[in-house]
Amino acid sequence: MGSTHPGKAPVRSRYRQLEVARVERITPLMKRVVLTGEELADFVSSGTDQRIKLCLPRPGLPTPLGNSRAEVFAAPRHQQPRQRTYTVRWFDPRSRELAVDLVLHAHEAPGATWAANVRAGDRVVTVGPSPSYTPSPEADPLVLVGDETALPAVCAILEELPTGVPARVFVEADTAAERDYVPSTLPGEWTWLFREGEPPGRSEALPEAVRSAELGEHPHLWVGAEASVVERIREFGEKTLGLGRSRMYALAYWRVGRGER
């Protein structure tokens with residue numbers, strides 16, 4: 001996952017063996033997996049859009065377990081797990097539970113396969129967390145742009161939005177049913193764009209919506225979506241809005257033909 005990042009926070013990052021405590025279906029395309037384990041005792045939650053990697057098995061192989069990279073990747077190269085990156089939706093240090101929300105895809109990929117089949121009691125190795133994104137109190141507004149794979153990060157960011165910072169949110173999703181994922185208490189002016197059966201990652205709807213919007217005097221831009229979509233919005237931010245690295249954070253969450261999240 002590529003990124004530009006205006007700042008980093010210290011984290012306690014390492015390999016952890018965790019157990020799936022429960023699995024919840026939130027919307028037609030979004031599934032929540034709650035992980036738990038004593039190894040979360042030293043997990044440091046340092047803000048919004050914090051990410052972990054899941055070490056996921058290749059098709060037909062058992063889930064690799066271990067407490068270090070050497071142990072998890074001990075198998076021959078063609079049998080080694082694939083790592084996929086997810087936003088930490090929330091972390092509860094008291095119950096030592098951590099939630100990740102996964103989009104269910106029709107295609108076969110390590111993340112999609114695991115998301116479709118994961119059950120309570122399963123075990124998985126996580127790596128992380130990574131540094132988190134911190135919205136600037138100077139944003140006017142904070143502009144959040146993404147498809148449904150970015151919704152966990154968008155919601156986490158809005159929950160920690162500095163007081164007085166306005167937010168504009170642009171989300172592309174499969175259908176209107178995905179709006180149920182967003183808590184009604186979240187702030188922001190939301191623009192929803194629905195594909196209604198059009199393949200994800202191939203539409204111009206998201207870049208066009210951002211380019212045609214009035215984004216205020218001093219916008220800060222956060223983008224998370226398919227790689228080519230992110231690149232078009234990043235180019236608009238740089239060339240038209242004149243945004244530098246301190247005011248723009250862009251993530252290629254996935255790429256058509258190759259799954260990341």
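**Buried elements, cores and helix packing in the predicted model**

Helix α2 spans residues 110-117, and its buried residues are Pro110, Gly111, Ala112, Trp114 and Ala115. Strands cover these buried residues. Among the covering elements are β1 (14-25), β2 (30-36) and β3 (51-56). Also included are β4 (82-92), β5 (97-103) and β6 (123-128).

The model is predicted. Its mean pLDDT is 90, and 93% of the residues reach 70 or more. Residues 1-10 are an exception to be noted: pLDDT stays under 50 over this stretch. The model has 33 contacts for residues 1-10 beyond four places in sequence. Where pLDDT is low, the predicted coordinates should not be read in detail.

The largest nonpolar core has 29 residues. Within this core, Leu142, Leu144, Leu158 and Trp222 have the most contacts. Two or more residues each come from β7 (142-147), α3 (151-159), β8 (167-173) and β11 (248-254). Helix α3 gives the largest share, six residues. In soluble globular proteins, nonpolar side chains tend to be buried together.

Residues up to four places away in sequence are not counted here. On that basis, Leu142 touches Tyr133, Pro135, Ile157, Leu161 and Val165, among others. The list also includes Pro166, Ala167, Arg168 and His220. Another core, of 20 residues, lies apart from the largest one. Leu35, Val88, Phe91 and Leu104 are among its members.

Helices α4 (residues 205-212) and α5 (residues 227-239) form a packed pair. Two packed helices are described by the angle between their axes and the distance between the axes. Here the axes come within 9 Å and cross at roughly 15°. Angles under 35 degrees count as roughly parallel, so α4 is roughly parallel to α5. The crossing of α4 and α5 is right-handed. On the α4 side, the contact is made by Leu206, Pro207, Val210 and Arg211. On the α5 side, the contributing residues are Val229, Arg232, Ile233 and Phe236.

Glu172 lies in strand β8. Its relative accessible area is 5%. The cut-off for burial is under 20%, so Glu172 is buried. Neighbours within four places in sequence are again left aside.

Conventions: Residues numbered from 1 in each chain as written. Predicted model: local features only at pLDDT ≥ 70, side-chain atom pairs only at ≥ 80, totals over all residues. Heavy atoms only, no water. Buried < 20%, exposed > 50% of the residue type's maximum accessible area, 1.4 Å probe, protein only. Helix = DSSP H or I, 4+ residues; strand = E, 2+ residues; numbered from the N terminus. Contact = heavy atoms within 4.5 Å. Core = buried A, V, L, I, M, F, W, Y, C linked by side-chain atoms within 4.5 Å. pLDDT = per-residue confidence, 0-100. Axes fitted to C-alpha atoms, helices over the stretch in contact; angles between N-to-C directions. Parallel < 35°, antiparallel > 145°, perpendicular 65-115°, else oblique. Left-handed = near helix turned anticlockwise from the far one by under 90°.
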